[in-house]
Amino acid sequence: MTSGAAQVLLRLQGRGETLAVAESLTGGLVAAELTSVPGASQVFRGSVTAYATPLKRDVLGVDGTLLAERGAVDPEVAQAMAAGVRRVLSADWGIATTGVAGPGAQDGKPVGTVFIAVAGPGGTEKVAELRLNGGRADIRKESVRGLLELLSGELGENARAQDTEHNGGN
């Protein structure tokens, strides 16, 4: 899994951009994965593990009405967490996880339902839903992998858009 973390950190470093993480079900695993890469401190600003729903509202700025109506396991909540951590930690990119690792359902969502999100420069926003199988540890591990892949994809698309702009739109 480190190769995914190393890849996104290298891309961000090459662009002179920073990264912050908001985690719920992963409980710090994304931050641990990123900081396992030597030199991560040049890019990684920090993380907020907002495991308790009120922290999503109070620390990350997720709308309280949204949380009350839909619960924490929701695509809009994931996006708000990513945008919130980006703002709170003054990073170029914010990424987030929220979901149900088990053992039981949460907010009416079955075990294995995970939402991951990216918020970046120029209004970049991306949310993906993962439907994961396996035990709690498997779901959390795959959530980390999925989030790093989502960010990697956004960094690639963002880089292509910048290349197009620099080449006169051709």
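Analyst: Happy to! This is a predicted model. Let's begin with L19, which has a relative accessible area of 0% and is therefore buried, since the cut-off is under 20%.

User: Nice. Where does L19 sit in the fold?

Analyst: L19 belongs to strand β1. In space, its C-alpha is 5.8 Å from that of R45, although 26 residues separate L19 and R45 in sequence.

User: Which strand does β1 pair with, and do the two run parallel or antiparallel?

Analyst: Strand β1 (residues 19-23) is joined to strand β2 (residues 44-49) by 5 bridges, and the two run parallel.

User: What stands opposite E23?

Analyst: That would be T49, in β2.

User: Let me zoom out. How many helices and strands are there, and in what order?

Analyst: The chain has 6 helices and 5 strands. Starting at the N terminus, the order is α-β-α-β-α-α-α-β-β-β-α.

User: And what about overall size, how does the radius of gyration fit with a compact globule?

Analyst: It agrees: a compact globule of 170 residues would have a radius of gyration near 15 Å, and this chain has 16 Å. Along the principal axes, the C-alpha atoms fill a box of roughly 50 × 30 × 30 Å. Buried residues account for 46% of the 170 residues.

User: OK, other strands now. How are β4 and β5 arranged?

Analyst: They run antiparallel, with 7 bridges joining β4 (residues 113-119) to β5 (residues 125-131). Within that pairing, A117 stands opposite V127 of β5. The hairpin has 5 residues between its strands, and G122 takes a positive phi near 65° there.

User: You mentioned peptide bonds. Where is there a cis one?

Analyst: Look between G102 and P103, which are joined by a cis peptide bond with omega of about 20°. P103 is found in the loop between β3 and β4.

User: Switching to pockets: what volume does the largest one have, and which residues are closest to its centre?

Analyst: Its volume is about 170 Å³. There are 16 lining residues, and the closest to the centre are L25, Y51, G99, A101 and Q106. Helix α3 (53-58) and strand β3 (93-99) are the elements that give two or more residues to the lining.

User: What's the lining like by class?

Analyst: It has 7 nonpolar, 7 polar and 2 charged residues.

User: Last one: A137. Where is it, and is it buried or exposed?

Analyst: You'll find A137 in helix α6 (residues 136-166). With a relative accessible area of 59%, A137 is exposed, because the cut-off for that is over 50%. A137 is 43 residues from G94 in sequence, and their C-alpha atoms are 24 Å apart.

Key:
Residues numbered from 1 in each chain as written. Predicted model: local features only at pLDDT ≥ 70, side-chain atom pairs only at ≥ 80, totals over all residues. Heavy atoms only, no water. Pairing = 2+ DSSP bridges. Helix = DSSP H or I, 4+ residues; strand = E, 2+ residues; numbered from the N terminus. 1 Å grid on protein atoms, 1.4 Å probe; cavity = no way out; pocket = protein on both sides within 12 Å on 5 of 7 lines; lining within 4 Å. Points joined across faces, edges and corners; volume = space filled by probe spheres on them. Nonpolar A, V, L, I, M, F, W, Y, C, P; charged D, E, K, R; others polar. Rg over C-alpha atoms; globule rule 2.2 N^0.38 Å. Buried < 20%, exposed > 50% of the residue type's maximum accessible area, 1.4 Å probe, protein only.
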